[in-house]
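Please keep the structure open while reading.

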Amino acid sequence: MNNFKLLWVDDEIDLLKPHILFLQKKHYEIETCQSGAEAIETIKEKDFDLMFLDENMPGISGLETLSQIKNLKPDIKVVMVTKSEEEYIMEEAIGNKIADYLIKPVNPNQLLLSLKKNLDHDKLVSEKTSSQYRQAFMQIGDDISQATTYEDWVNIYKKIIHWELELDQADDEGMSQILDNQKEEANNSFFKFISNNYINWFKQGQNKPVLSHTLLNNKVFNDLNEDGPTMLVVVDNLRFDQLRMIEPKIKEFYQKEQETAYYSILPTATQYARNAMFSGLMPLDMQKLFPDLWLNDTDEGGKNQYEAKFLAQQLKRLGKPIDFSYYKITDQDHGRKLVETVHQEKQRDLIVVVYNFVDMLSHAKTDMKVIKELAADDRSYRSLTASWFNNSPLLNLIREAQNMNCKLMITTDHGTINVKQPTQVKGDRETSLNLRYKTGKSLSYNKKEVMAIKNPSEAHLPSINMSSSYIFARNDQFLAYPNNYNYYANYYKDTYQHGGISMEEMIIPFCVYNPK
């Protein structure tokens with residue numbers, strides 16, 4: 001039973017008694033007025049959920065009444081009811097943010113539908129969404145238990161993201177918790193899948209996904225724009241769910257041509273995955289071929305300073321005469337400057353833009369209390385990403401790309417996961433510091449909670465020393481040392497990290513858009 005309070009304003013209100021009785025039987029509380037002036041005085045004294053407002057009344061017109069009422073109570077939902085179908089009346093009413101527009105004569109079911117749409121909408125959507133997810137729950141569970149290929153896991157992850165976004169709108173905490181549990185089950189099974197198959201992806205003839213080091217050659221170099229430049233935007237840490245949040249704005253300027261998923265290499269960290277993307281090589285090969293450019297975890301200096309050089313070397317090695325420019329955006333000022341000058345690159349074949357903001361946001365969450373509170377969970381993290389993007393230089397850059405007739409490609413180098421459970425690891429002083437993976441010698445850990453690669457060369461990873469190995473955390477766990485264990489366990493709990501094995505970190509988007 002609802003308790004919605006309605007105000008109905010019409011100079012012929014007595015003729016509407018059958019309609020009022022009909023709605024009262026549906027448990028709506030209704031108060032009536034016969035003029036705009038009376039309605040304005042009533043609104044000053046009382047609160048209503050919705051108002052039916054006749055447009056054609058003596059004295060103050062419906063449009064004038066609407067304007068004054070919106071000044072008094074901006075949030076009240078107003079349904080304009082009129083005999084006129086003149087366009088200017090509709091435009092005026094819509095400009096004053098009406099909830100609905102009905103043409104007389106109206107029947108009771110039209111009124112009821114408008115009320116359902118405007119007052120019961122969220123409740124009805126929530127109930128329907130929850131019901132639909134309950135039906136999908138069993139199918140997703142079956143998919144998880146039967147998944148045997150990397151394509152299976154892409155499909156499972158996309159289904160889970162779909163329901164996460166749907167349930168965000170439904171605001172059903174119970175169903176959201178069930179979905180969280182199902183995602184945890186999926187990630188545990190995904191961890192087993194990666195543990196059993198990852199090394200095999202580097203063997204000849206194996207069925208394998210596009211990986212970080214094969215992405216550009218597979219997806220970019222052979223699909224450049226023939227009528228203008230192509231802009232490749234690499235947004236660090238951009239997960240599929242975050243892409244879904246920013247895509248509506250992108251689609252104001254571009255239409256999607258294709259969406260695919262590729263897999264980040266391990267570790268799912270910028271130093272490894274993004275360097276592999278631009279070089280077209282696995283980290284071990286980068287170390288061998290470019291010892292002056294590659295830095296290991298324990299080496300001093302920035303680990304991603306040579307991406308443009310790696311890209312130039314890859315193009316040279318592949319024999320592709322592609323004229324490109326490269327930009328790395330690390331703050332708002334860099335972004336605004338590129339928006340102002342990017343038109344100078346319109347003769348290029350390929351404009352590469354690495355945008356680091358999402359990465360900075362996710363790392364800042366471990367250091368800044370305010371950011372941590374703003375992004376306490378995936379739902380708020382998605383919302384924060386959308387809010388940033390809608391006001392960012394990146395959106396302005398995409399507008400400029402459309403003006404330049406650029407084909408647009410958007411991707412990332414790895415995703416990120418909200419970590420919740422610490423697991424102990426021991427190592428010497430040379431052990432790497434990342435919370436989702438460790439590399440070093442004499443590592444001590446719980447074998448059930450990590451994937452260990454004892455021979456790094458099998459995964460085409462470099463070794464810090466002769467006895468180095470790698471371990472990777474699973475699902476939402478993070479690696480913590482025994483010293484000050486409780487402090488660090490609490491400090492890093494509910495922060496966003498990357499480097500390990502989860503669908504969020506490894507299964508990542510690659511999308512192509514054409515200008516509208």
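## Helix pair α7 and α8

Contact here means heavy atoms within 4.5 Å. The model is predicted. In it, seven-turn names aside, the residues of α7 that meet α8 are Tyr150, Trp153, Ile156, Ile160, Trp163, Glu164 and Leu167. On the α8 side, their partners are Met175, Ser176, Leu179, Lys183, Ala186, Ser189, Phe190 and Phe193. Sorted by class, this contact holds eleven nonpolar, two polar and two charged residues.

## Geometry of the pair

Helix α7 spans residues 150-170 and helix α8 spans residues 173-197. Their axes come within 11 Å and cross at roughly 165°. Angles over 145 degrees count as roughly antiparallel, so α7 is roughly antiparallel to α8. The crossing of α7 past α8 is left-handed.

## The largest pocket

The largest pocket holds about 590 Å³ of space. Its lining is made up of 23 residues. Those nearest the centre of the pocket are Glu164, Asp180, Lys183, Asp378 and Lys420. Glu164 of α7 and Lys183 of α8 also take part in the contact between the two helices.

Elements that give two or more residues to the lining are α7, α8, α17 (378-390) and β11 (417-419). The most comes from α8, with nine residues. By class, the lining has 13 charged, six polar and four nonpolar residues.

Notes. Residues numbered from 1 in each chain as written. Predicted model: local features only at pLDDT ≥ 70, side-chain atom pairs only at ≥ 80, totals over all residues. Heavy atoms only, no water. Axes fitted to C-alpha atoms, helices over the stretch in contact; angles between N-to-C directions. Helix = DSSP H or I, 4+ residues; strand = E, 2+ residues; numbered from the N terminus. Parallel < 35°, antiparallel > 145°, perpendicular 65-115°, else oblique. Left-handed = near helix turned anticlockwise from the far one by under 90°. Nonpolar A, V, L, I, M, F, W, Y, C, P; charged D, E, K, R; others polar. 1 Å grid on protein atoms, 1.4 Å probe; cavity = no way out; pocket = protein on both sides within 12 Å on 5 of 7 lines; lining within 4 Å. Points joined across faces, edges and corners; volume = space filled by probe spheres on them.
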